[in-house]
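Here are some notes for you to read alongside the model. Please keep the 3D view open and follow the points in order.

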Amino acid sequence: MRSPRATRRLSAALLGTAVAAGLLAAGTVPASAAPRHRAAVPLVPAPLPQGDPLAVEVLALTNQARAAAGCAPLAVADPLVAAAIEHSGEMAATASLTHTGPDGSTPRTRLAALGVVPRRSAENVAVGAFTPRSLVDAWLASPGHRRNLLDCRLGFVGIARQDVAGGAYWTQVMAAA
């Protein structure tokens, strides 16, 4: 029997590959929007699912860009991976590229539903026929995405994608513990 962590990793690994085109805006939630209590679920480093080589490469390229900007690398945190998987699936199911879930959820409320209340969080989303390099390059070319990727106050990340006919929805959730 698989542990919940192994199940989440397997779920992330089975999401498929990116094969469509397009990119939209990034969303950042400032600390002022956070509830006044600390996270019930701590953010701790965990390995990104090795069965998803494209997500692993997106993480490596993200961390290369962060290093060039003087930021520490992002560490994967399981709750952020779970949030990214959920949001990529929601976007694919509704064929919409958005930071608001079909239930009205926001990046911060999706994290809170998983028991995580970070000091700061950010979310990048995309849909498209991206290689890992072209995805990270597109995010870096967009002011909102770039600000999120290069925010040195963020230390953790979850990355997921969901394939659909003719495309893939990507979500990158970042947070500070």
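1. Helix H3 is followed by Ala95, whose phi is positive, near 50 degrees. Ala95 sits in the loop between helix H3 (78-94) and helix H4 (107-113). Helices (H or I, at least four residues) and strands (E, at least two) are DSSP runs, numbered from the N terminus. Most residues other than glycine have a negative phi, and Ala95 is a residue other than glycine with a positive value. Ala95 is also exposed, with a relative accessible area of 61%. Here buried means under 20% relative accessible area, exposed over 50%, and partly exposed in between (1.4 Å probe, protein chains only).

2. A word on where this comes from: the model is predicted, local features need pLDDT of at least 70, side-chain atom pairs count only at pLDDT 80 or more, and totals for chains, interfaces and linings use all residues. Residues are numbered from 1 along each chain as its sequence is written, and side-chain values use heavy atoms, with hydrogens and water left out.

3. Is H3 itself mostly enclosed or open? Of its 17 residues, 13 are buried, so H3 is largely enclosed by the rest of the structure. Its length agrees with expectation too: at 1.5 Å a residue, the 17 residues of H3 should span 24 Å, and the end C-alpha atoms are 24 Å apart. The expected span of a helix is 1.5 Å times one less than its number of residues.

4. Next, the disulfide (a pair of cysteine sulfur atoms within 2.5 Å). The count comes to 1 by this rule. Cys71 and Cys152 form the disulfide, with their sulfur atoms 1.9 Å apart. The pair links distant parts of the chain, 81 residues apart: Cys71 is in the loop between helix H2 (53-68) and strand E2 (75-76), and Cys152 is in the loop between H6 and E4. The torsion about the S-S bond of Cys71 and Cys152 is about -70 degrees, so the disulfide is left-handed. Cys71 is buried, at a relative accessible area of 6%, whereas Cys152 is partly exposed at 44%.

5. How many salt bridges does the structure hold? There are 4, a salt bridge being a side-chain nitrogen of Lys or Arg within 4 Å of a carboxyl oxygen of Asp or Glu. One of them joins Arg120 to Asp151, with the closest N and O atoms 2.8 Å apart. Arg120 lies in strand E3 (residues 120-127) and Asp151 in the loop between helix H6 (143-149) and strand E4 (156-164), so the pair ties together parts that are 31 residues apart in sequence. Arg120 is buried, with a relative accessible area of 17%, and Asp151 is buried as well, at 9%.

6. Asp151 has another partner to look at. The side chains of Arg153 and Asp151 meet in a salt bridge at 3.0 Å, N to O. Arg153 is exposed, with a relative accessible area of 54%.

7. Arg133 forms a salt bridge with Asp137, the closest N and O atoms being 3.8 Å apart. Both residues lie in helix H5 (residues 132-141), 4 residues apart, about one turn of the helix. An α-helix has 3.6 residues a turn, so residues three or four places apart point the same way. Arg133 is partly exposed at 41%, and Asp137 is partly exposed at 37%.
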